[in-house]
Amino acid sequence: MYLIFVRHGDPIYNPDSITEKGKLQAQALSHRMARLGLDKIYSSTSNRAIMTAEPTAKLLGKEIELLDFANEKYASADFGVDSDGKWVWCFFDKNIYDKFSTEEVANMGFGWYESELFKDRDFGKGINRVRTETVRLIESFGYEYDYQKRSYKSINHKYNRVALFAHGGFGMAFLSCLLEIPYPVFCTRFTQLNCTGVCVIEIADEGDKIIPKLYQYANDSHLYKEELPLDFNGREIY
């Protein structure tokens, strides 16, 4: 099966919504999703994620199932920091980014958050929360997780294509857990998703050691097709 993770459209954070540009992005995305076909559509409980999912749900005649654990308010509490008096994601803070890049943290692998470098942070609580919920979600698709092998096996998989509409900051933690890549490694090698950026993850349907694989990251071909402005986190990328 394929799990398609999508960041919301161009946002309005207060009140929680998307801009007119974001609505156009969501419409363009819906044409792409409708062509693919989806068995299930999930969204974070945030309005901006729901509004991005709605055009796709309407075209496909599907209900949107809400996943509260994907709401970015939790991720922002877990992975947000004060940087010179301003709130930012931890991976945008130079001090923490530099710590993420150290040999010590790399050598600690999945136990990275136990490093003395993060003794004043509670990153472990956040990453373990996301990991637990991520495993629960994938198991609901008919796969069983092996905590020792850090992989899945197919029990009775139910779907071919599933989409989750959520957020960029949450997505960094979610994708690191799903792909079994330690969070500091992921954050120092992948940029935060662009608006309506699409990630496609394959979860094989057979075998006793299934490791999800990333097929596409931050794909915005739907914006090209509809000739919409190409804006990747404030920069135009061609």
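# Exercises on a predicted model

K21 is partly exposed, with a relative accessible area of 29%. This residue is found in helix α1, residues 20-36. The model is a predicted one.

## Exercise 1. Accessibility classes

Task: Decide whether K21, D84 and A218 are buried, partly exposed or exposed.

Solution. 
- Step 1. Recall the cut-offs: buried is under 20% relative accessible area, exposed is over 50%, and partly exposed is in between.
- Step 2. Take K21. Its relative accessible area is 29%, so K21 is partly exposed.
- Step 3. Take D84. Its relative accessibility is 81%, so D84 counts as exposed.
- Step 4. Take A218. Its relative accessible area is 11%, so A218 is buried.

## Exercise 2. Backbone angles

Task: Find where D84 and A218 lie, and give the phi of each.

Solution. 
- Step 1. A218 has a positive phi of about 60°, and it is not a glycine either.
- Step 2. Turn to P15. P15 lies in the loop between β2 (11-12) and β3 (17-18).

## Exercise 3. Aromatic pairs

Task: Classify the ring pair of F5 and F170, then the pair of Y145 and Y152.

Solution. 
- Step 1. Start with the total. The structure holds 26 aromatic pairs.
- Step 2. Check F5 and F170. Their ring centres are 6.2 Å apart and their planes stand at 40°, so the pair is tilted.
- Step 3. Locate the two rings. F5 lies in strand β1 (residues 2-7) and F170 in helix α7 (residues 168-178), so the pair ties together parts that are 165 residues apart in sequence.
- Step 4. Check burial. Both F5 and F170 are buried.
- Step 5. Move to Y145 and Y152. This aromatic pair is also tilted, with 4.8 Å centre to centre and 55° between the planes.
- Step 6. Check burial again. Y145 is buried at a relative accessible area of 6%, and Y152 is buried at 3%.

F79, F100, W112, Y113, F118, F123 and Y183 form one aromatic cluster. A charged side chain can meet a ring too: R150 lies over the face of F110, at 3.6 Å from the ring centre.

## Exercise 4. Helix packing

Task: Describe how α3 packs on α7 and on α6.

Solution. 
- Step 1. Know what to look for. Two packed helices are described by the angle between their axes and the distance between the axes.
- Step 2. Take α3 (residues 72-79) and α7. Their axes come within 8 Å and cross at roughly 75°. That makes α3 roughly perpendicular to α7.
- Step 3. Name the contacts. E72, A75 and F79 in α3 meet G168, G169, F170 and A173 in α7.
- Step 4. Sort them by class. The contact of α3 with α7 has four nonpolar, two polar and one charged residues.
- Step 5. Take α3 and α6 (residues 123-140). Their axes come within 8 Å and cross at roughly 150°. That makes α3 roughly antiparallel to α6.
- Step 6. Name these contacts. Y74, A75, D78 and F79 of α3 meet F123, G126, I127, R129 and V130 of α6.
- Step 7. Sort them by class. The contact of α3 with α6 has six nonpolar, one polar and two charged residues.

## Exercise 5. Inside helix α7

Task: State how many residues of α7 are buried, and which residues L178 touches.

Solution. 
- Step 1. Count the buried residues. Eleven of the eleven residues of α7 are buried, and the helix is mostly covered.
- Step 2. Pick L178, which lies in α7. At 0% relative accessibility, L178 counts as buried.
- Step 3. List its contacts. Leaving out residues up to four places away in sequence, L178 touches L3, T134, I138, I201 and P212.
- Step 4. Look at one partner. L178 and P212 are 34 residues apart in sequence and 6.8 Å apart in space, C-alpha to C-alpha.
- Step 5. Go past the helix. α7 is followed by E180, whose phi is positive, near 60°.

How values were computed
Residues numbered from 1 in each chain as written. Predicted model: local features only at pLDDT ≥ 70, side-chain atom pairs only at ≥ 80, totals over all residues. Heavy atoms only, no water. Phe/Tyr/Trp six-rings, centres within 6.5 Å; stacked < 30°, edge-to-face > 60°. Helix = DSSP H or I, 4+ residues; strand = E, 2+ residues; numbered from the N terminus. Buried < 20%, exposed > 50% of the residue type's maximum accessible area, 1.4 Å probe, protein only. Lys NZ or Arg CZ within 6 Å of the ring centre and 35° of its normal. Axes fitted to C-alpha atoms, helices over the stretch in contact; angles between N-to-C directions. Parallel < 35°, antiparallel > 145°, perpendicular 65-115°, else oblique. Contact = heavy atoms within 4.5 Å. Nonpolar A, V, L, I, M, F, W, Y, C, P; charged D, E, K, R; others polar.
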